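Here are some friendly notes to read alongside the structure.

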2 protein chains.
Amino acid sequence: MTVRPGLTGCGVAETLKVIGDRWSLLILRNAFHGVRRFDAFQEQLSISTSVLSDRLARLVREGVLERRPAPDDGRAAEYRLTEAGLDLYPVLISLNQWGDRWRPDPAGERLRLIERATGQPIRGAAVLSEAGAPLTARDVAPEAGPALAPDLAELVETHRKRLLKSAP
Amino acid sequence: MTVRPGLTGCGVAETLKVIGDRWSLLILRNAFHGVRRFDAFQEQLSISTSVLSDRLARLVREGVLERRPAPDDGRAAEYRLTEAGLDLYPVLISLNQWGDRWRPDPAGERLRLIERATGQPIRGAAVLSEAGAPLTARDVAPEAGPALAPDLAELVETHRKRLLKSAP
DNA sequence: CATTTAACTTCGTTTTTCAAAGCTAAATTC
DNA sequence: GAATTTAGCTTTGAAAAACGAAGTTAAATG
C-alpha cells in the first residue's frame, strides 16, 4: 500500500488507501455481520494469519476498527467498528447491491436487508439530490474544489464544460 | 485476481472480484470524469502500460466498460462505461464521501458534486429505508437468503438473532 | 515513403502477497 | 502446578503481481 504520485488529493483515492486492498472490505463485511475476534475472521475468510494480522493492525491504525481486550478472555482481543468504520456502510451496501444486480445467483437471493424498526426490506444505497431524489451518474456534474489534485482538477473542469454543452 | 474458496456467494465478494484490485476503481473514477482513451488513463494515473492494458481488458470482459474504435482515429479505442459500469456510481460516490469526511484536506474541498438539473450540490450517497429515510448500519438487520454462502449464512443468522434480542 | 502516434505485448527485475510453520503468553485441563 | 490447548501474532521461503523499458503493429501524419 505504498503511496503513489497522482493517487492522492481525491476522496476516492484517500479511501482506497485505507480499504483498497483485496481483503479489507471482506474483513469489514464480516465486522458488519458481528464478527469481532481474530479466529472468527480467519475461519470465515480463508485468509492467512499473517495477512489477517497485518490488515487488522492497519484498519486499527487507520481508525476504522478499534482493538480492545476481550472482556471474557485475557488472551483474546475484540476488533470493533469505530464511528469511521460504521460510516463505510454505504460503501458495502452499494458493493453488495451491484453484485446482486449484475452477478446474480441462479439459486436466488443472497442477503436480505431488513429495517429493524419496521421489519421491511430496505431500498438500498443511492446517490441523492438535495431534495432526496435518487440520481444517476448522468444527473450529476463534478466541479473541482481548491484541494483537488491539479491534474484531476483539469480533467474534471474539461468534463464539466463538456457536460454544460450537452443536453441536461 | 484468483478466485479463492469462501470468497464467493455474497454480493460484496462478487463485486470485489470485478473491481477489487488497486487500480480498477481509480480507472473507473476517471471514466466517470469523462476519460475514454488509453493514453488519457495512463497520463492521469501513474500506471504502467501492461497493468493498464490488463485492467481495461478485464473491465471490458466483466461488462463494466465497452471498447469501441474511436470515431476520429482508426488506431485509437474508446473505453466507455456500460450500464453496469454506470451502476457503480454509488460505490464511487460513497468512497469519495468517506474520504472527504474522514480524510479531509486542510486546503479545503476536493470535489463538489452538482445536480445538473438544479445546480444545487447533491446530498451524497446513503442507505435508504423503503420509505426513503437514511439508515445507518445499526438500523438494519441482515437475513440470509437461499443463495448465500453457507458459512456466511450461519454467521448472518447468529448476528440477526443477537440483534433481535438487543434494543431496536 | 519516412516518421510519429495509439495501443498494446513481452521480458527481466523489483515489490508485494501469500501460506506454513514457529513463537509467546494466557487459559484450561489434569 | 505441570502439561496442554488456545488466541494472536512473527518469521520465512515461495509465489504472484506490478513495474519500467524495449519491442510490435497498424494507422495517421508530413
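1. Chain A and chain B bury about 9200 Å² between them, with carbon and sulfur atoms giving 60% of that area. Buried area here is the accessible area (1.4 Å probe) that two parts lose on being put together, summed over both. A:Trp98, A:Arg110 and A:Arg116 supply 9% of what chain A buries against chain B, more than any other three residues.

2. A word on the basis: this is a predicted model, where local features need pLDDT of at least 70, side-chain atom pairs count only at pLDDT 80 or more, and totals for chains, interfaces and linings use all residues. Residues are numbered from 1 along each chain as its sequence is written, chains are lettered from A and ligands numbered from 1 in the order in which they are written, and side-chain values use heavy atoms, leaving out hydrogens and water.

3. Six salt bridges link chain A and chain B (a side-chain nitrogen of Lys or Arg within 4 Å of a carboxyl oxygen of Asp or Glu). One of them joins A:Arg103 to B:Glu62, with the closest N and O atoms 2.7 Å apart.

4. Now to DNA strand C: of its atoms within 4 Å of the protein, 70% belong to sugar or phosphate and the rest to bases. One phosphate oxygen is 2.6 Å from a polar backbone atom of A:Gly74, and a polar side-chain atom of B:Asp39 lies 3.1 Å from a phosphate oxygen. As for the bases, a nitrogen sits 3.2 Å from an N or O atom in the side chain of A:Ser50.

How values were computed
A residue is near a molecule or strand if one of its heavy atoms lies within 4 Å of it. A polar contact is a pair of N or O atoms within 3.5 Å; within protein, one must be able to donate a hydrogen and the other to accept it, and residues adjacent in sequence count only if both atoms are side-chain atoms.
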